[in-house]
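Walk through this fold with the coordinates open. Start with the sheet, then move to the rings and side chains.

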Amino acid sequence: MSTHTTASVSTHILDTSAGRPAESVAVSLSARGGSREPWVVLGRSATDADGRCRDLPALPEGTTHVRLDFETEAYFHGQVHTAGRSHSQKRAEAQQDAPAPRDSGAFFPEVAITFAVTPGEHFHVPLLLNPFGYSVYRGS
């Protein structure tokens, strides 16, 4: 929870190709106190069955920038090996101009989202993910 001098961050992932939360995606949270400061990894987590990271650490006082790193390759690679081709890959292959499948099952093997924070505010940053693209936004 944020205080008047710190900010807080939460995230969740929705696999838009499957229409469900993305479970077991590794997530790393890093922060820095200015654009010229080095990144400091604050903690690592993984998404639960609801696609949420419920145990991200609090941001230290003075944080101005935050980075969330999502390990998407392992998520899509796991889908490929546990069920042959994933439902989303089969659907993509059926499209006329679908990109060729990749060994990893994902065009973006990782997603890094960097954003500025303001003390005292909470920042919820959802990731909408599919094998060939992603989008993010500031949620509520």
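In what order do the four strands of the open sheet lie? The order is β3-β2-β9-β10, with mixed pairing. Strands here are DSSP runs of E, at least two residues, and helices are runs of H or I, at least four residues, both numbered from the N terminus. Two strands pair if DSSP finds at least two bridges between them. The edges are β3 (20-21) and β10 (133-136), each pairing on one side only. Strand β9 (residues 127-130) runs antiparallel to β10, and four bridges join them.

A word on the basis. This is a predicted model, where local features need pLDDT of at least 70 and side-chain atom pairs count only at pLDDT 80 or more, while totals for chains, interfaces and linings use all residues. Residues are numbered from 1 along each chain as its sequence is written, and side-chain values use heavy atoms, with hydrogens and water left out.

Now the rings. Rings of Phe, Tyr and Trp (its six-membered ring) pair if their centres lie within 6.5 Å; planes under 30 degrees apart count as stacked, over 60 as edge-to-face and the rest as tilted. The count comes to four aromatic pairs. F108 and Y134 have ring centres 5.1 Å apart and planes at 85°, so this pair is edge-to-face. F108 lies in the loop between α2 (87-94) and β7 (111-116), and Y134 in strand β10, so the pair ties together parts 26 residues apart in sequence.

F115 and F123 form a tilted pair, 6.3 Å centre to centre with 40° between the planes. F115 is buried at 14% relative accessibility (buried means under 20% relative accessible area, exposed over 50%, partly exposed in between; 1.4 Å probe, protein chains only). F123 is buried too, at 5%. By contrast, F108 is partly exposed at 29%, and Y134 is partly exposed at 35%.

Next, H124. This residue sits in strand β8 (residues 122-124). H124 is buried, at 8% relative accessibility. Its side chain makes polar contacts (N or O atoms within 3.5 Å; within protein, one able to donate a hydrogen and the other to accept it, and residues adjacent in sequence counting only if both atoms are side-chain atoms). One goes to the side chain of S10, at 2.6 Å. Another, of 2.9 Å, goes to the side chain of H12.

Last, W39. It lies in the loop between β4 (26-32) and β5 (40-46). W39 is partly exposed, at 25% relative accessibility. The charged end of R67 sits over its ring, 4.7 Å from the centre (the rule: NZ of Lys or CZ of Arg within 6 Å of the ring centre and within 35 degrees of the ring normal).
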